Amino acid sequence: MRVLVIAEHLRGQVRDVTYELIAAGHLLGGPVLVAAIGSEPAALDLTRVGVDEIVHVPVAGPDFESDVYQQVLAALIADRRPDVILVGFTVNSIGYAPAVATKLKLGFASDVFALRQEGETIIATRAFYGSKVHAEIDFPGPGPVILMLRPTVWPLAAPGGAPKVTEMRVSLTASRARHVQFAEPPKADVDIGSADFLLSIGRGIGEKEKIALFEGLAEKMGATLAVSRPLVDAGWMPSSRQVGQSGRTVKPKVYLALGISGAVQHLAGMKASGTIIAINKDPEAAIFDAAHYGAVADLFEVARELEKLY
Amino acid sequence: MKLVVCVKLVKILGDEVEFKPDGMDVDPDYLEAALNEWDACALEEALLIRERLGAAEVVAVTAGASGSEEALRRCLAMGADRAIRVESTAEDPLSTARELVAAVTPESPDLVLCGVQSSDSVQGSTGTALSELLGLPCVAVVKKLEWAGSGPATAHRELEGGLIDIVEVDTPAVLTIQTGINQPRYATLRAIKVAEQQEIVVIRGPSDGPPAYRIRRMFAPPKGHGAQMLEGGPDEIAKQIAGIIRERLK
């Protein structure tokens with residue numbers, strides 16, 4: 001099964017999701033072709049076990065632009081005829097992969113977290129209904145399939161191998177959406193990434209006025225307070241406290257999650273924690289899939305009892 | 001000046017789930033529905049642009065069965081000027097985008113705003129697919145938008161880790177809007193009542209083209225992956241949690 005992986009990189013660094021895509025492609029049998037799109041594609045470290053060929057696609061700018069990636073991916077598919085194209089389910093890929101699938105009328109799925117094969121048929125697994133159910137899907141069309149794979153699911157392909165290196169030039173039309181510059185996220189008042197014990201609260205706390213209660217509890221327990229995305233979106237807490245894909249990826253010894261349902265993007269940011277304890281009143285909450293210990297309970301009642309113990 | 005906002009009525013599954021006899025979908029009796037959170041932010045952004053520029057028309061569009069008009073009525077109650085539903089049974093994002101084109105193209109919008117993703121299916125793909133079909137540039141995952149009403153807009157894309165990528169995009173364009181860009185306004189009870197009476201234009205989509213994927217079977221995920229559930233009242237649960245934490249932090 002011919003696999004095309006589109007390398008993702010940011011400011012000169014290959015992002016880990018690329019190595020996961022290579023591992024997933026290798027598991028599909030390969031051969032695996034990895035495309036490096038950028039102003040200095042040769043500087044990107046893509047020599048990994050399982051890679052058969054690296055194709056450099058030099059373009060004007062070093063940074064991601066959706067029009068560039070759309071045109072290059074379409075050209076790569078036409079030239080290399082892969083059976084499956086793997087990209088990360090990432091902010092960049094969201095900006096081009098669905099457009100190419102639409103343009104070429106390809107099979108397509110996003111946020112895929114498992115893959116298997118039955119003969120020549122690819123069967124992908126993704127979630128529906130807020131991650132509460134899973135579904136196996138396949139792709140009845142004749143053409144190749146673009147799959148956006150969920151990051152942090154597959155292992156990282158190890159360094160090694162001696163892939164062939166080639167170059168492909170693509171003539172591009174002018175970008176209609178142009179990268180101007182990057183802006184750093186605001187500086188943090190506290191580094192949640194270095195805490196041993198995070199007490200993390202989510203939408204389940206209900207209202208802004210309740211935050212003080214958990215600040216108090218965190219202090220008593222010797223924990224650092226962290227939050228899930230909805231509390232930052234609501235303007236209740238600064239983004240420096242946010243755990244998840246668009247916030248911080250954390251790995252404390254203990255992660256105590258109160259009232260966090262466990263959106264995929266949140267789980268990606270905390271699932272490597274040493275011990276995860278989750279309290280949620282919804283027994284079906286996805287957070288219980290990632291937790292080591294769970295309790296279906298009212299978080300305020302448990303918080304009150306925890307206060308008494310510290 | 002015209003702004004089109006594409007929205008979805010998302011399905012919300014409660015504590016229990018049953019599947020249809022064929023195992024291909026959830027039994028609809030177990031589902032509730034609401035306007036997708038990301039789409040509410042997209043609509044709010046359009047309303048803010050209208051307020052800032054003084055004159056603009058905001059058109060809310062959805063693709064779905066008649067029940068999905070609930071999402072459009074919520075948009076009208078929040079302040080959208082008009083609403084259009086494309087009669088559709090599309091499920092996947094690429095098919096949905098094809099249906100939406102039928103409503104969006106005749107409007108010749110200056111901007112098309114979509115939510116980044118829907119809370120139920122988390123595809124993150126409809127807006128980008130739509131941009132291809134409309135022949136417009138696309139900026140995905142926009143956390144901040146600056147636009148004078150004509151010429152290029154400045155969009156702040158929110159990357160992983162919170163890094164911002166500032167992009168200059170020619171208009172018309174399709175932008176997919178991230179939560180946190182604004183706080184969607186609440187609709188007043190009065191506005192909700194008025195919206196119930198407002199006209200929703202219904203059109204038919206093209207319904208051509210292959211689906212992006214086919215569902216083979218749907219199932220409840222394996223529960224807990226070995227999470228040990230703590231039993232008892234709040235006091236007993238708290239005691240067990242404190243014990244685990246003290247042990248692990250030793």
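A network of salt bridges (a side-chain nitrogen of Lys or Arg within 4 Å of a carboxyl oxygen of Asp or Glu) links A:R116, A:E118, A:E136, A:D138, B:R214, B:R216 and B:R217. The structure is a predicted model, in which local features need pLDDT of at least 70 and side-chain atom pairs count only at pLDDT 80 or more, whereas totals for chains, interfaces and linings use all residues. Residues are numbered from 1 along each chain as its sequence is written, chains are lettered from A and ligands numbered from 1 in the order in which they are written, and side-chain values use heavy atoms, with hydrogens and water left out.

Over all chains, a search of the whole structure finds 40 salt bridges. Side chains of opposite charge can pair when their charged atoms come close. One of the pairs joins B:E158 to A:R229, with an N to O distance of 3.1 Å; this pair crosses between chains, running from strand β8 (residues 153–158) of chain B to helix α6 (residues 229–233) of chain A, where helices (H or I, at least four residues) and strands (E, at least two) are DSSP runs numbered from the N terminus. Both partners are buried (under 20% relative accessible area, as against exposed at over 50% and partly exposed in between, with a 1.4 Å probe and protein chains only), B:E158 having a relative accessible area of 5% and A:R229 one of 14%. In the salt bridge between A:E167 and A:R169, the N to O distance is 2.9 Å, and A:R169 is exposed, at 63% relative accessible area. B:E146 and B:K144 form a further salt bridge, with their closest N and O atoms 3.8 Å apart; here B:E146 is partly exposed at 38%, and B:K144 is likewise partly exposed at 39%.

An open sheet of six strands, paired in parallel, has the order β15(A)-β14(A)-β16(A)-β17(A)-β18(A)-β13(B), two strands being paired if DSSP finds at least two bridges between them. Because β15 (224–227) of chain A and β13 (228–229) of chain B stand at the edges with a single partner strand each, one side of each is left without a neighbour in the sheet. Within the sheet, strand β17 (residues 275–280) of chain A runs parallel to strand β18 (residues 293–296) of chain A and is joined to it by four bridges, with A:A278 standing opposite A:G294 in β18(A). Helix α6 (residues 234–248) of chain B packs on this sheet, touching β14 (197–201), β16 (254–258), β17 and β18 of chain A, and its direction makes about 160 degrees with that of β17(A); contact means heavy atoms within 4.5 Å, and axes are lines fitted to C-alpha atoms, for helices over the stretch in contact, with angles from 0 to 180 degrees between N-to-C directions.

Chain A contains nine helices and 18 strands, and buried residues make up 60% of its 310 residues.
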